[in-house]
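Q: I would like to learn how to read a structure like this one, feature by feature. Could we take the general idea of each feature before turning to the case at hand?

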Amino acid sequence: MSRRFTPKVVTANRLREGDVVYLTADDVWSPFHHAAELIEDEAHAQMRLLHAMAQKLEVVGPYLADAKRGPNGPEPVHFREAFRTRGPSNYDHGKQADFPADMGA
Amino acid sequence: MYSYSDFDESFVRARVAQFTQQVERRLDGSLTEEEFRPLRLMNGLYLQLHAYMLRVAIPYGTISPRQMRQLAMIADTYDKGYGHFTTRQNIQFNWPKLPDVPAILSALADVEMHAIQTSGNCVRNVTADHFAGAAADEIEDPRPYAELLRQWSTDHPEFQFLPRKFKIAITGAPNDRAVTRAHDIGLRMVKNAAGEPGFEVMVGGGLGRTPMIAHTVRDFLPVADLLPYVEAVLSVYNTLGRRDNKYKARIKITVHETGKEEISRMIEERFAELRPLFGGADQALLDDIRVAFAPPAFRNAPVDAYDAFYKADPVFRSWADTNLAAHRNDQYAIVTISVKAHGQTPGDASSDQMRLMADLAERYGHGDLRISHEQNVILPHVHKSDLPAVHAALAQVGLATANVGLISDIIACPGMDYCALATARSIPIATQIAERFKALDLEHEIGPLKIKISGCINACGHHHVGHIGILGLDRAGVENYQITLGGDGSETAAIGDKTGPGFAYDEIVPAVERIVRAYLSVRVSPEETFLQTFRRLGMEPFKTALYESEGAQDAA
């Protein structure tokens, strides 16, 4: 059981809008994956998830998603999480339309 | 078409009021998400990958121009200017905000629509042949029976907590356009020796992770016995269905585990108990419903203009050859409006397109519109002399694509571009296949070929019954696409066979092309369809083309 812990970010959807958000180190829900707190310790990850789950009026369905360190902040590991940072591929809708300048990050 | 009774109206309004308060209580914190989730799902509201999604029922695929315009209004006011027609004759809005949903439901109620029972373990929207009431091959319009089933199943106290969701499809024609054999209950109208109409009742079909073709449990059910018999099926399932295991909870597993003979016997036994309890009120109701589905007053006028235009204009002729179907009145045609323009998302219609289709239905189509499970829109009753005008108007808004039944008329679920359950994308695969074959200019030469794509094992994209089926999976963190061949959703229903290892995202379109080129090289004549060729030759030539062509493999 000595497998290395894969770093995580806490992510959820906003209650009112449904938008994908990420928990930052200073407890803000950001629309940007790269602004998320990259959690590299399993116990801390559980604490942060509990903290997120308590914010019932802010977000829905918080969970820990695998992430990795990148030049501009945490980057997603799995393609599903990569899609969540952008929006659908068939239209310029979602984050890629709302924040076009931040999509390269 | 059917108009809401006072009962329907007050029921739907009461549900809107109830859900409005539930949303308020969620937003002020009185309800937790755990408490709210089942309530929103009962009203068709999902939380998807990027946003909420509202699924609105279009009962048996029938919709009026007024309703279509209201959907356009909702798309413009509360969404991003479009809606997505689904394989269950629903429409989905992909971007509603939670605080707006009560207003959307209220706007739907204004035009006798709702999102009730579009989710959850209940009887879902009853689907029907999209050519119902118009098709030349039809015994009887199945929609009065579908409406009877809708009224019976809506809020039915015994069937709100079934082991799993329950889907009923109905067709009045021998040619099955409603995929009845892949439903929990499929109803196909037949005639007995005396010439009376009744139903062949098929039970236990379904797609998903365990695809099964339904078994016929009754060869001939008199139409007057429909409700007690369907209630008997539900009742047996409600008792036997596996509530212990979500993956074994559909009736197809119940039928499989119980055996066709035994479950037929149990259904008949229950039916014998239930039949005497139906005292005729259902038949009186059915008579009232039938009046609402009376055929329109067909016009009697010459069709010379159509014939002349058909001869003169090759673009119109191509569209007429693919997108028209035989109407029971030979001066009329059934128009399938392709919502599958090459490169566009299958089943997505913009608000402008919705309004134009509503206008055409009103002006040329006796005020009738249908949504097909193949994600197209139908004008079921158009006089042939009006077809050139209809075609010209459709062309103005990108709806005149002549591809119905061809390789680019693809069913695709929303896949991982929207759906929280998806394991891979489907939409970009569909658009790339359509564009590739358009570039090759081969689709008319290929002829009838149904490609169906699902972005996960749940099979909303009906891939098991695609002539070519594509299933998107997550293989070790990479999108991978499995191909099946020989599936068929018609009266000769069959589940497709897997070709072998899957293909990566950038390999799946070339793989489909190799299959199609293999077909073109081995068919005996242009008249032999892909499915016929597959049935004659089996998997081998296609497997060879897929896996033995040089440098083309990407086995996973």
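**Burial and overall form**

A: In chain B, buried residues make up 53% of the 556 residues, where a residue is buried if 20 or more other C-beta atoms, placed from the backbone, lie within 10 Å of its own, exposed if 12 or fewer, and partly exposed in between. This is a predicted model, in which local features need pLDDT of at least 70 and side-chain atom pairs count only at pLDDT 80 or more, while totals for chains, interfaces and linings use all residues. Residues are numbered from 1 along each chain as its sequence is written, and chains are lettered from A and ligands numbered from 1 in the order in which they are written.

Q: What radius of gyration does chain B have, and what would a compact globule have?

A: The radius of gyration is taken over C-alpha atoms, and the globule rule is 2.2 Å times the number of residues to the power 0.38. For 556 residues a compact globule would come near 24 Å, and chain B, with 23 Å, agrees with that. Along the principal axes, the C-alpha atoms of chain B fill a box of roughly 65 × 60 × 60 Å.

Q: Which residues touch the most other members of the largest nonpolar core?

A: A nonpolar core is a set of buried Ala, Val, Leu, Ile, Met, Phe, Trp, Tyr and Cys residues joined through C-beta atoms within 7 Å. The largest one has 172 residues, and those that touch the most other members are B:Val233, B:Met357 and B:Ile515. Its largest share, 9 residues, comes from helix H6 (residues 226–240) of chain B; helices (H or I, at least four residues) and strands (E, at least two) are DSSP runs, numbered from the N terminus. Two residues are in contact if their C-beta atoms, placed from the backbone, lie within 7 Å, and B:Ile515, leaving aside its neighbours within four places in sequence, is in contact with B:Ile468, B:Phe542, B:Ala545 and B:Leu546.

Q: How do strands pair, and which strands does S18(B) join?

A: Strands of a sheet pair through backbone hydrogen bonds, either parallel or antiparallel. Two strands count as paired if DSSP finds at least two bridges between them. Strand S18 (residues 468–475) of chain B is joined by 4 bridges to strand S17 (residues 451–454) of chain B, and these two run parallel, with B:Ile451 standing opposite B:Ile468. S18(B) is also joined by 8 bridges to strand S19 (residues 478–485) of chain B, and here the strands run antiparallel, with B:Thr484 as the bridge partner of B:Gly469. S18(B) and S19(B) form a hairpin with 2 residues between them, and B:Ala476 in the turn has a positive phi of about 55°.

Q: In what order do the strands of the open sheet in chain A lie?

A: The order of the 5 strands is S3-S2-S1-S4-S5, with antiparallel pairing. Strand S3 (29–30) and strand S5 (75–76) of chain A are the edge strands, each pairing on one side only.

Q: Where else is phi positive in a residue other than glycine?

A: Most residues other than glycine have a negative phi, and most peptide bonds are trans. B:Glu112 has a phi near 60° and lies in the loop between helix H4 (101–110) and strand S6 (127–128) of chain B; B:Glu112 is partly exposed, with 18 other C-beta atoms within 10 Å. B:Asp441, whose phi is near 55°, is found in the loop between helix H14 (427–440) and helix H15 (443–446) of chain B, and counts as exposed because its C-beta neighbours inside 10 Å number 8.

Q: How many residues of chain A and of chain B are in contact, and what supplies the side of chain A?

A: The size of an interface is often given as the accessible area lost when the parts come together. Counted by contacts, 22 residues of chain A meet 21 residues of chain B. Strand S4 (59–68) and helix H2 (79–86) of chain A each supply at least two residues of the side of chain A that touches chain B, and the largest share, 4 residues, comes from H2(A). A:Asn90, in the loop between H2 and helix H3 (95–98) of chain A, is in contact with B:Thr345, B:Asp417, B:Ile427 and B:Pro428, leaving aside its neighbours within four places in sequence. A:Asn90 is buried, with 21 other C-beta atoms within 10 Å.
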